[in-house]
Amino acid sequence: KAGVTQTPRYLIKTRGQQVTLSCSPISGHRSVSWYQQTPGQGLQFLFEYFSETQRNKGNFPGRFSGRQFSNSRSEMNVSTLELGDSALYLCASSSGLAGVREQFFGPGTRLTVL
Amino acid sequence: GQNIDQPTEMTATEGAIVQINCTYQTSGFNGLFWYQQHAGEAPTFLSYNVLDGLEEKGRFSSFLSRSKGYSYLLLKELQMKDSASYLCAAPHGSGNTGKLIFGQGTTLQVKP
């Protein structure tokens, strides 16, 4: 079974630009969660999508948005990039069905904002 | 709200045993996860405890005490490859949720 894939793996942008990151979950998984990881803040939850609907949301500004497609693939978008957005962005997939389920993480996208 | 605390760094010797502690405060309890993350890699699942007690899985064991809001990860027969960050995480809220609240992570350095 293929794991979670994320593209691109590395990205360099400048302040003010926008960026779109992609995540393909494990086949059959319907839940995709996104996290931001920085040395200072650790892993912080951005949002979760399940069956094309946002099911949970973290405490990030509206510049951070996401969506999920009918095949469960998910994208997150960050507009008007700031230097502080430099981080490793991880997505995790799970079945999303009844009860809490283990999340499987992708390799992440390393975003650098200059 | 939810809060998860764990030590920032630990050092141990190859072949030894190390215990990484995690204390948590959650609004509602839905179990506790432990993940391992090597530098530059994605977190990988180690364990999930929802009932009190010790669960053993090879060299790794995880313990949970719900009344004390406390968990620990026990690593036996340490190997150099166990040098990594260990993350304690709790699901937020109840029911179906893909939102995990993570501690800051404990960086474990295994020395020869």
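Reply: In this predicted model, 26 residues of chain A are in contact with 18 residues of chain B, contact meaning heavy atoms within 4.5 Å. Residues are numbered from 1 along each chain as its sequence is written, chains are lettered from A and ligands numbered from 1 in the order in which they are written, and side-chain values use heavy atoms, with hydrogens and water left out. Because the model is predicted, local features need pLDDT of at least 70 and side-chain atom pairs count only at pLDDT 80 or more, whereas totals for chains, interfaces and linings use all residues.

The size of an interface is often given as the accessible area lost when the parts come together. Chain A and chain B bury about 1700 Å² between them, with 53% of it on carbon and sulfur atoms; buried area is the accessible area (1.4 Å probe) that two parts lose on being put together, summed over both. Zero salt bridges are found across this interface, a salt bridge being a side-chain nitrogen of Lys or Arg within 4 Å of a carboxyl oxygen of Asp or Glu.

On the side of chain A that touches chain B, β4 (31–38), β5 (42–50), β6 (53–57) and β9 (87–94) of chain A each supply at least two residues. Strands here are DSSP runs (E, at least two residues), numbered from the N terminus. β5(A) gives the most, with four residues. By class, this side of chain A has 10 nonpolar, 11 polar and five charged residues; Ala, Val, Leu, Ile, Met, Phe, Trp, Tyr, Cys and Pro count as nonpolar, Asp, Glu, Lys and Arg as charged, and the others, Gly among them, as polar.
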